Amino acid sequence: MPESKNALTEAVYYILLAIVTPLHGYGIMQKTAEFSSGRVNLGAGTLYGALSTLVQKGWIEMLVQGPEERKKEYVITALGKAVLLQEIERLEELAANGRSVMGGKR
Amino acid sequence: MMKKVVFKPYWNYAKEEVWLNQMAKKGWALVHYCWLKYTFEPCEKGEYVYYIDLLEKHHNAPASRDFIEMVEETGIKHVASYMRWVYFQKKADGKPFELYTDLDSKVKQLRRINRFWTALIAAEFAIGFSNLGIWGTEQADGSAMAMNLYGGLLLVFIGVMLMTVAYPVRLKIRALMREQKIRE
């Protein structure tokens with residue numbers, strides 16, 4: 001199980017979500033912008049830093065590629081999926097509490 | 001093609017970046033940098049914007065190559081590198097040229113730059129003051145060498161200059177960390 005109950009950063013959340021199906025760096029940026037309707041634009045530096053940390057933590061892995069393929073693709077691991085699901089629950093709790101106190105529709 | 005070569009020493013990468021962007025606005029695009037030598041080629045006025053970044057390791061290290069490759073995937077061109085510094089070029093599209101887009105990564109990057117300067121400043125002071133110390137003892141036995149005095153003073157002066165360059169970076173880190181207490 002994931003080791004911590006701390007919140008993920010927005011960048012990490014969308015990166016994990018983007019690579020449920022394998023993607024390369026630029027693909028992850030495009031997917032993230034698409035998820036957030038252009039609100040979240042990951043810089044290459046931010047993405048690179050997050051990807052290396054996530055690989056180290058074992059939440060994602062780099063796919064082994066043929067020699068003709070130059071771009072590196074990343075995919076979420078089982079551990080990464082568990083972290084992501086836990087985070088979705090946490091976010092739902094936040095949103096539900098927000099709505100019940102402040103009103104607004106579901 | 002007509003080229004322009006400019007020799008210019010810069011203390012401060014932020015000012016250097018401003019200058020490169022001004023050159024691009026005037027129609028001169030940086031195509032190469034090596035040892036204080038900047039080579040420009042003509043471009044449309046304001047066609048490109050530039051960004052200077054500090055890598056974790058030398059630009060030839062595998063991790064640095066991976067990073068540069070990822071940056072290039074996004075349509076940004078890697079025009080030059082010098083030790084750990086890299087020069088990136090992007091077609092101007094009205095949007096700011098950023099590689100670090102959230103607080104976390106911005107702070108991390110500024111800290112890397114701050115560490116780089118702190119090490120450099122410490123080295124300037126250490127060598128500078130030890131030269132002055134040597135000059136002091138030479139003074140006592142009558143063999144004082146001007147080189148130790150002036151060399152020492154020069155290094156200490158460079159250290160102080162670099163401190164004035166590093167200070168704004170520290171202020172920026174502090175401001176971002178304050179923001180980080182309430183935001184991601």
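## Helix α3 of chain A

The buried residues of α3(A) are A:A44, A:G45, A:T46, A:L47, A:Y48, A:G49, A:A50, A:L51 and A:L54. Here buried means that 20 or more other C-beta atoms, placed from the backbone, lie within 10 Å of the residue's own; 12 or fewer means exposed, and partly exposed is in between. Helices (H or I, at least four residues) and strands (E, at least two) are DSSP runs, numbered from the N terminus.

α3(A) has 14 residues. From first C-alpha to last, α3(A) reaches 20 Å, close to the 20 Å expected at 1.5 Å a residue. That expected span is 1.5 Å times one less than the number of residues. Just after the helix, A:G58 takes a positive phi of about 80°.

## Basis of the model

This is a predicted model: local features need pLDDT of at least 70, side-chain atom pairs count only at pLDDT 80 or more, and totals for chains, interfaces and linings use all residues. Residues are numbered from 1 along each chain as its sequence is written, while chains are lettered from A and ligands numbered from 1 in the order in which they are written.

## Chain A overall

Chain A holds four helices and three strands. From the N terminus on, they run α-β-α-α-β-β-α. Of the 106 residues in chain A, 29% are buried.

Two residues are in contact if their C-beta atoms, placed from the backbone, lie within 7 Å. Take the contacts in chain A with a separation of 6 or more: residues 24 or more positions apart account for 46% of them.

## The nonpolar core

A nonpolar core is a set of buried Ala, Val, Leu, Ile, Met, Phe, Trp, Tyr and Cys residues joined through C-beta atoms within 7 Å. The largest one has 44 residues. A:V12, A:I15, A:I19, A:L47 and B:Y50 touch the most other members. Helix α1 (residues 10-18) of chain A gives the largest share of this core, seven residues.

A:V12 is in contact with A:A50 and A:L54, leaving aside its neighbours within four places in sequence. Both partners are among the buried residues of α3(A).

## Where chain A meets chain B

The contact takes 17 residues from chain A and 16 residues from chain B. On the chain A side, α1, α2 (25-35) and α3 (44-57) give two or more residues. α3(A) gives the most, with six residues.

## Domains of chain B

The domain assignment gives domain 1 (4-91) and domain 2 (103-180). Such bounds come from an automatic or database assignment. The domain centres, taken over C-alpha atoms, are separated by 25 Å. Their contact takes four residues from domain 1 of chain B and six residues from domain 2 of chain B.
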